[in-house]
Amino acid sequence: MNFNIEQIRADFPILQRKIYNRQMVYFDNGASTQKPRQVIDAICKYYESDNCNIHRGVHHLSVVATEAYEETRKLVRDFIHAKSAGEIIFTKGATESLNLVATSFGKKYVGAGDEVITTIMEHHSNFVPWQVMCAERGATLRIAGINDKGELNLAEIEGMMNDKTRIVAIAHVSNVLGTINPVKKIIAMAHRHGIPVLLDGAQGVSHLPVDVQELDCDFYCFSGHKMYAPMGTGVLYGKEKYLEEMPPYQLGGEMIRDVFVDHTTYNDLPYKFEAGTPNVEGVAGLHAAILYLKGLGMARIAHYEDTLVEYATRKLLEIEGIRIYGTSANKASLVSFLIGNIHPYDAGMIIDKMGIAVRTGHHCAMPLMDFMKIPGTVRASFAFYNTTGEIDQLIAAIRKVREMFA
Ligand code: PMP
């Protein structure tokens, strides 16, 4: 597939939509991406020809649905270059993946007096589960700060590591600042101390090529809906050595091997962590989404989106009174900013009236907002179907906001 923007846009029916009689500009991809026709068709095809509950069925449809589901698991394995399909657990999203690890890992490995390291830039989904697990288990959550550019300080993080540290949980890419964290270095550092590392890849996997073996992360979590796949799909990658030891997160059908009246034995990986009927049609859509991404090539997507971030940054800085939050040289996919003293919510409302979708507020990162002493930001987050022409429209809208508040 060529990286032909017109052709790509034609694959996404919703991009033709008009909002307030204007061609919609969708810059809320950090919250959720739009879906290409290929994904929508895969879901329709699933219901029109393959719909059935998976696993255990001997009849044809159940076998077909099961095979398709397991094929997607292998596709995900290859997409993030995991060692085995058993290390790929389907969840309903990054949040569920993160809760699964915090809960199960916590039960197995974290006790009173232990420590967990995270950072101030985390999304609540990679913060609250650790905070609550630590409180329940008498452990301490240690929180690394950031510099003025929105970057982590590796020396600070290493200084927090000790023989009580059980895990480091950090974002691959910040959903507020866009910072691509130096995760490979952090992982190598943590491993020197014998500490496993979880990466919240919710904003990573749709923008960057991800190779979990090369990164050597111990867990990697992401959501399907932020990578052009349906809502309610997600993945937890975990190294087998941890997943084997961790207790199941939910109990019920499929995750069992044998149930006796007085005890239960558990299924092999990955099924031990997949209790109940999963989102089979969502996974069919995830399959199509990954094929679509592979067709474009993650390296080319990253390169194209970098040009959008650079262009947006340059144009924003031409506007008087703009403050950009997150100015690391190593950034992906988004710009977060404030316009003078205008409240982000007011700015977002006016920008919306011009048919442009941006997100405003704390972006589920309230500790970060407190740290930066701001109520929130306006965030324009990009996808490969966005264009510099659309960014020009955003810039015009921001100038209008400034005029209205002058
Ligand atoms: N982590 C990060 C960095 C995110 O950006 C998000 C979604 N905004 C999440 C976790 C949670 O993802 P989901 O709501 O799809 O579970």
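Domain bounds, as used in these legends, come from an automatic or database domain assignment. For the chain of this predicted model, that assignment gives domain 1 (5-30 + 298-405) and domain 2 (40-294).

**View 1. Domain 1 and domain 2 side by side, with their centres 28 Å apart.** That separation is taken over C-alpha atoms. Here is how the two parts meet: 36 residues of domain 1 are in contact with 31 residues of domain 2. The size of an interface is often given as the accessible area lost when the parts come together. Between domain 1 and domain 2, the buried area is about 2,700 Å², and carbon and sulfur atoms give 63% of that area. If you go looking for salt bridges across this interface, the rule finds 0.

**View 2. The largest pocket, with a volume of about 460 Å³.** Its lining is made up of 29 residues, and T95, H123, S125, H225 and K226 are the closest to the pocket centre. Why does the largest pocket lie between the domains? Domain 1 (5-30 + 298-405) and domain 2 (40-294) both give residues to the lining, so the pocket lies between them.

**View 3. What the lining of the largest pocket is made of.** Sorted by type, the lining residues comprise 9 nonpolar, 13 polar and 7 charged. Which helix gives the most to this lining? The answer is helix α4 (residues 94-109), which contributes 4 residues.

View 4. Side chains of opposite charge can pair when their charged atoms come close. For context, a search of the whole structure finds 17 salt bridges.

**View 5. Two backbone spots to look at, R56 and the peptide bond from L269 to P270.** Most residues other than glycine have a negative phi, and most peptide bonds are trans. R56, although not a glycine, has a positive phi of about 70°. You will find R56 in the loop between α2 (37-50) and α3 (60-79). The peptide bond from L269 to P270 is cis, with omega near 0°. As for P270, look in the loop between β12 (264-266) and α10 (280-296).

Key:
Residues numbered from 1 in each chain as written. Predicted model: local features only at pLDDT ≥ 70, side-chain atom pairs only at ≥ 80, totals over all residues. Heavy atoms only, no water. 1 Å grid on protein atoms, 1.4 Å probe; cavity = no way out; pocket = protein on both sides within 12 Å on 5 of 7 lines; lining within 4 Å. Points joined across faces, edges and corners; volume = space filled by probe spheres on them. Helix = DSSP H or I, 4+ residues; strand = E, 2+ residues; numbered from the N terminus. Nonpolar A, V, L, I, M, F, W, Y, C, P; charged D, E, K, R; others polar. Contact = heavy atoms within 4.5 Å. Buried area = accessible area lost by both parts, 1.4 Å probe. Salt bridge = Lys/Arg side-chain N within 4 Å of Asp/Glu carboxyl O.
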